[in-house]
Amino acid sequence: MRLANSKLIFVLGLLGVWLSACSSNVPTVTPTRAATQTPWIIYVPITVTPEPIIATPLPTVAAIVAPTARPTATRAPVVAKPAATKPPAAPPAPVAIAPTATPAPKCSYGPVTLKEPEDNALRRTKSSSVGGDTFRFIWDPPPELAGEVSSNVGYKLVVNSRRGGFTNGATLYLSHNKFVREGKLYIMDKPAVSALASGDSVEVTWNVTVIQAGGAISEGDPNQVPPNVALCGAPSPTRTIHLNTFE
């Protein structure tokens with residue numbers, strides 16, 4: 001509404017200026033109208049269309065933010081590498097476990113009775129080659145072992161020769177059942193007798209002990225030691241053989 005009034009005042013002002021200018025430039029005319037004539041009144045229609053009151057929004061000004069300090073470059077966090085782990089050790093190779101023999105049960109038998117060779121018997125063997133006598137070992141088993149028994153029962157025959165400070169000999173393991181089947185006899189052959197002499201005359205001692213092993217006693221190889229040998233009594237008396245050499 002204030003804007004409309006301002007426009008009206010502005011128009012009226014312009015009209016007044018224009019009328020003044022016209023009155024100053026036009027020569028004065030003596031009016032001829034009668035004194036009773038009505039003065040002229042000029043109406044200038046002024047139409048003012050009220051404008052709608054619309055508040056024109058001011059343009060939106062985006063706030064300009066002054067640049068801040070340059071951001072400091074940050075390093076990516078250093079991730080520690082996991083410590084190298086050693087590969088698991090290979091499992092140890094399986095170790096073959098040898099089967100253990102059954103321990104020999106406790107045993108008790110009487111001593112054997114030696115028969116041949118008699119004590120201080122004389123035997124001969126060649127000094128430079130194999131030849132001469134054999135040794136026939138004969139004894140009677142104890143009464144408890146009159147017939148055949150378990151295969152792990154037998155005898156330990158120890159034969160040694162002595163010459164000066166040297167000892168030569170053999171330890172033999174004999175199956176009782178084979179010993180009985182062969183007539184209660186064990187024969188040491190000529191090569192074995194010659195090995196006892198070693199080319200010179202010697203004295204040979206021998207004795208027998210009843211044994212029981214943790215397994216069967218070999219009937220084919222008297223040099224094979226059976227497992228877990230247990231002595232079943234005192235050894236027999238020791239006898240001597242005089243072994244002389246000849247050419």
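Serine 198 lies in the loop between α3 and β7, where helices (H or I, at least four residues) and strands (E, at least two) are DSSP runs numbered from the N terminus. Its phi is near 55°, a positive value in a residue other than glycine. With a relative accessible area of 45%, serine 198 is partly exposed; buried means under 20% relative accessible area, exposed over 50%, and partly exposed in between (1.4 Å probe, protein chains only).

The model is predicted: local features need pLDDT of at least 70, side-chain atom pairs count only at pLDDT 80 or more, and totals for chains, interfaces and linings use all residues. Residues are numbered from 1 along each chain as its sequence is written, and side-chain values use heavy atoms, with hydrogens and water left out.

**Backbone geometry in the loops**

Most residues other than glycine have a negative phi, and most peptide bonds are trans. The loop between β1 and β2 holds asparagine 120, whose phi is positive at about 60° although the residue is not a glycine. Asparagine 120 counts as partly exposed because its relative accessibility is 47%.

| Residue | Location | Phi |
|---|---|---|
| Asparagine 120 | loop between β1 and β2 | about 60° |

**Strand pairing**

An open sheet is formed by three strands in the order β1-β3-β6, with antiparallel pairing; two strands pair if DSSP finds at least two bridges between them. The edges are taken by β1 (113–116) and β6 (185–188), each with a single partner strand, so one side of each is left without a neighbour in the sheet. On average, neighbouring strands of this sheet are turned by 25° against each other, direction ignored. Axes are lines fitted to C-alpha atoms, for helices over the stretch in contact, and angles run from 0 to 180 degrees between N-to-C directions.

Three bridges join β1 to strand β3 (residues 135–140) in the antiparallel sense, and glutamate 116 has isoleucine 138 of β3 as its bridge partner. Helix α3 (residues 190–197) lies across β3 and β6, and runs at about 60° to β6.

Strand β4 (residues 153–163) has two antiparallel pairings. Ten bridges connect β4 to strand β7 (residues 202–212), with isoleucine 211 in β7 as the bridge partner of glycine 154. Ten bridges also connect β4 to strand β5 (residues 166–175) in the antiparallel sense, and here valine 159 stands opposite alanine 170.

**Core and aromatic residues**

A nonpolar core is a set of buried Ala, Val, Leu, Ile, Met, Phe, Trp, Tyr and Cys residues joined through side-chain atoms within 4.5 Å. The largest one has 27 residues, of which Phe135, Phe137, Trp139, Leu157 and Met188 touch the most other members. Two or more residues come from each of β3, β4, β5, β6, α3, β7 and β9 (239–246). The most is given by β7, with five residues.

Contact means heavy atoms within 4.5 Å. Leaving aside neighbours within four places in sequence, phenylalanine 137 is in contact with residues including Glu116, Pro117, Leu157, Met188, Trp206 and Ile241.

Rings of Phe, Tyr and Trp (its six-membered ring) pair if their centres lie within 6.5 Å; planes under 30 degrees apart count as stacked, over 60 as edge-to-face and the rest as tilted. The whole structure has five aromatic pairs. One of them, between tryptophan 139 and tyrosine 155, is edge-to-face, at 5.5 Å centre to centre and 75° between the planes. Tryptophan 139 lies in β3 and tyrosine 155 in β4, so the pair ties together parts that are 16 residues apart in sequence. Both residues, tryptophan 139 and tyrosine 155, are buried. Ring pairs also link Phe135, Phe137 and Trp206 into a cluster.

**Strand β2**

Alanine 121 belongs to strand β2 (residues 121–126) and counts as buried because its relative accessibility is 2%. Isoleucine 241 is 120 residues from alanine 121 in sequence, yet the C-alpha to C-alpha distance is 4.9 Å.
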